[in-house]
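Here is a friendly briefing to read alongside the model. Please have the sequence and the coordinates open as you go.

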Amino acid sequence: MAGRPRGVTVIALVVAAEATALLGAAAWYGYELATGAPVLSFWGAVFTMALLLAFSAWLFAVGHFLFRGYRWTRAASLVAQIFVLTVGFPTLTGGLIWAGLAMLLPALLAIVLLFDKRVVTYASRTGGSAAV
């Protein structure tokens, strides 16, 4: 193999940027909770913050292992991009054009690259196989 395709690097960066955005949202959410922002359910808000942190950690792991060439990360990346599309499209059509485009364009780019033959070939490592 000639090395890591650029598409893998781009997808890993998109996934890492999404993970960073979720981490930022969790931090903002935590700040709002700590400063006494009104919520309907305190424990519901804590649960939501925990989900944001868990999804952020998951996406960081997906980006890392995709960069290393693991097979399972392609499916995880695709699912993450579909979730981003389900949030980004209503954001765009709801009038927040820049925020919607900031979600949609990287997600669409990642989806297209996930089906690139070089990416599929590179990201074919299983748990017990040697590094590529």
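At 22% relative accessibility, Met49 counts as partly exposed, where buried means under 20% relative accessible area, exposed over 50% and partly exposed in between, with a 1.4 Å probe and protein chains only. This is a predicted model, in which local features need pLDDT of at least 70 and side-chain atom pairs count only at pLDDT 80 or more, while totals for chains, interfaces and linings use all residues. Residues are numbered from 1 along each chain as its sequence is written, and side-chain values use heavy atoms, with hydrogens and water left out.

**Around Met49**

- Met49 belongs to helix α2; helices (H or I, at least four residues) and strands (E, at least two) are DSSP runs, numbered from the N terminus.
- Setting aside neighbours within four places in sequence, Met49 is in contact with Ala26, Tyr29 and Gly30, a contact being heavy atoms within 4.5 Å.
- Met49 and Val10 are 39 residues apart along the chain, and their C-alpha atoms are separated by 28 Å.

**Overall picture**

- The protein has five helices and zero strands, which gives the pattern α-α-α-α-α when read along the sequence.
- Taken along the principal axes, the C-alpha atoms fill a box of roughly 55 × 35 × 15 Å.
- Of the 132 residues, 30% count as buried.
- The accessible surface comes to about 8100 Å², and 75% of it belongs to carbon and sulfur atoms; these areas come from the Shrake-Rupley method with a 1.4 Å probe, and for residues only the protein chains shown count as cover.
- Among contacts with a separation of 6 or more, 65% are accounted for by residues 24 or more positions apart.

**Helix α2**

- The 27 residues of α2 should span 39 Å at 1.5 Å a residue, and the end C-alpha atoms are 39 Å apart, which agrees; the expected span is 1.5 Å times one less than the number of residues.
- Ala45, Leu52, Ser56, Leu59, Val62, Gly63 and Leu66 are the buried residues of α2.
- These buried residues pack against α1, α3 and α5.
- Residues three or four places apart in an α-helix point the same way, because there are 3.6 residues a turn.
- Gly69 follows α2, and its phi is positive, near 100°.

**The nonpolar core**

- The largest nonpolar core has 16 residues, of which Val8, Ile11, Val15, Leu59 and Leu66 touch the most other members; such a core is a set of buried Ala, Val, Leu, Ile, Met, Phe, Trp, Tyr and Cys residues joined through side-chain atoms within 4.5 Å.
- Two or more residues of this core come from each of α1 (6–34), α2 (42–68), α3 (72–93), α4 (97–114) and α5 (117–122).
- Helix α1 gives the most, with five residues.
- Not counting residues up to four places away in sequence, Leu66 touches Val8, Ile11, Ala12, Thr73, Arg74, Ser77, Tyr122 and Ala123.

- Ser77 lies in helix α3 and is buried, with a relative accessible area of 0%.
- Beyond its neighbours within four places in sequence, Ser77 is in contact with Ile11, Val15, Val62, Leu66 and Leu114.
- Thr91 is also found in helix α3, and at 17% relative accessibility Thr91 counts as buried.
- Leaving aside neighbours within four places in sequence, Thr91 is in contact with Leu96, Ala99, Gly100 and Met103.

**Aromatic rings**

- A search of the whole structure finds four aromatic pairs; rings of Phe, Tyr and Trp (its six-membered ring) pair if their centres lie within 6.5 Å, and planes under 30 degrees apart count as stacked, over 60 as edge-to-face and the rest as tilted.
- The Phe42 and Trp43 rings have centres 5.1 Å apart and planes at 80°, so this pair is edge-to-face.
- Phe42 is partly exposed, with a relative accessible area of 45%, whereas Trp43 is exposed, with 64%.
- The rings of Phe65 and Tyr70 also form an edge-to-face pair, because their centres are 5.3 Å apart and their planes are at 85°.
- Phe65 counts as partly exposed at 25% relative accessibility, while Tyr70 counts as buried at 10%.
- One aromatic cluster is formed by Trp58, Phe65, Tyr70 and Trp72.
- The charged end of Arg4 sits over the ring of Phe67, 3.7 Å from its centre; this label applies if NZ of Lys or CZ of Arg is within 6 Å of the ring centre and within 35 degrees of the ring normal.
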